[in-house]
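Q: I would like to learn how to read the features of a protein model, step by step. Could we go through one together?

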Amino acid sequence: MAIVKLSAGERRRLSAFFTCLVLASLAWLFTTLSKPYDYHVKRVLTYKNSPQKRAFHSLQSDTVEVTVKGTGWQMLFSKMNDENTPIAADLRSLDNGNFVVLSSQLKQINDKDANHEIIAINPDTLYFDFSYRMVKRVPVHLVAALKYQQQFAQSNNPIVKPAYVTLTGPANRISKITQWDTDSLIAEDVNETIRTKLNMQAVSEGNMSMYPKAVDVVVPVDEFTEKTLQIPVKIINNFDYYNVKIFPQKVKVTFVTSLKKYAEINEDFFEAESDLNLWRLQGYTILPVKLIRYPPFCKIVRIDPPNIDFIIRK
């Protein structure tokens with residue numbers, strides 16, 4: 001392939017030509033991008049001045065197509081900027097109707113963003129479905145998946161503050177809600193009390209709201225150990241007032257409890273009984289022992305003996 005050799009003067013002229021070409025192209029590009037254009041972008045709708053006595057539900061997507069009048073430069077960068085700018089639709093007219101016309105709000109929408117002039121929105125009319133609005137307090141339900149180290153466990157009921165959240169929305173939806181879940185509290189190898197802040201699960205419906213959005217949670221955790229107490233057994237359903245002798249009169253109850261509670265727990269915290277109806281109606285020759293009362297922070301390991309002998313003297 002032949003190599004063209006240029007003189008110094010020819011190289012200068014060729015360099016000047018390409019320089020002029022580049023400058024002309026840049027000037028053309030600058031002039032072109034400085035001209036006004038109409039272009040389309042997607043924007044997310046937000047709502048303001050919502051009706052206070054009516055619960056609403058939008059019947060269309062929360063994303064609209066917006067026609068914007070701007071320069072070529074603005075069109076060039078619209079994908080990076082415009083889609084992040086929401087449009088605030090004023091819902092004041094829903095107090096007496098079921099639709100909102102966005103074209104009637106263009107002036108106040110454009111006043112919020114002086115850099116872009118919106119000339120049309122598609123769809124222009126937003127339609128809404130309505131129901132009676134209801135306010136209801138429901139208890140917070142703690143969702144937890146905790147794994148404890150050996151000999152450690154939850155020592156008392158979790159504390160959630162506040163214990164209730166307030167829901168506002170359509171009555172037909174709110175009336176069916178009996179509790180509201182927190183986000184999941186997940187932890188492993190737990191060996192101390194957990195104190196944390198948990199978000200509530202978000203409201204998925206656009207016509208519902210919830211307050212507060214987060215709660216403080218305390219899960220008491222302590223080291224546990226075994227303890228055994230002698231608990232007297234009480235006979236119930238002795239309708240004929242028989243003279244009933246039982247053997248033994250007390251049973252050994254072995255349970256697991258926290259070290260903090262160990263010293264204060266005594267037999268007064270427990271109540272054991274046997275049902276004489278099991279003999280009278282079903283012919284039992286021994287009576288099983290049932291523990292009907294014990295502290296919620298104790299876990300029963302065994303009752304010894306689980307059954308008692310009895311003698312009835314009429």
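**Reading the chain**

A: Let us begin with the overall make-up: the protein chain has 7 helices and 24 strands, and please keep in mind that this is a predicted model.

Q: How much of the protein chain is buried?

A: A residue counts as buried when its relative accessible area is under 20%, and in this protein chain of 314 residues, buried residues make up 31%. The accessible surface of the protein chain comes to about 20200 Å², and carbon and sulfur atoms account for 54% of that surface.

Q: What do contacts say about residues that are apart in sequence?

A: Here one looks at contacts between residues at least 6 apart in sequence, and in the protein chain 73% of these join residues at least 24 apart.

Q: Which residues form a nonpolar patch on the surface?

A: The patch is formed by L59, F99 and Y127, which together have about 320 Å² of accessible area. Of these, F99 lies in strand β5, which covers residues 99–101.

Q: Where is A88, and which residues does A88 touch?

A: A88 sits in strand β4, residues 87–90, and, because its relative accessibility is 30%, A88 counts as partly exposed. Leaving aside residues up to four places away in sequence, A88 touches T46, K48, Q105 and I109. As for distance, A88 and L102 are 14 residues apart in sequence, while their C-alpha atoms are 9.8 Å apart in space.

Note on methods. Residues numbered from 1 in each chain as written. Predicted model: local features only at pLDDT ≥ 70, side-chain atom pairs only at ≥ 80, totals over all residues. Heavy atoms only, no water. Patch = residues over 30% accessible without salt bridge, like charges linked within 9 Å, V, L, I, M, F, W, Y side chains within 5 Å. Areas by Shrake-Rupley, 256 points an atom, 1.4 Å probe, with all protein chains shown as cover. Salt bridge = Lys/Arg side-chain N within 4 Å of Asp/Glu carboxyl O. Helix = DSSP H or I, 4+ residues; strand = E, 2+ residues; numbered from the N terminus. Buried < 20%, exposed > 50% of the residue type's maximum accessible area, 1.4 Å probe, protein only. Contact = heavy atoms within 4.5 Å.
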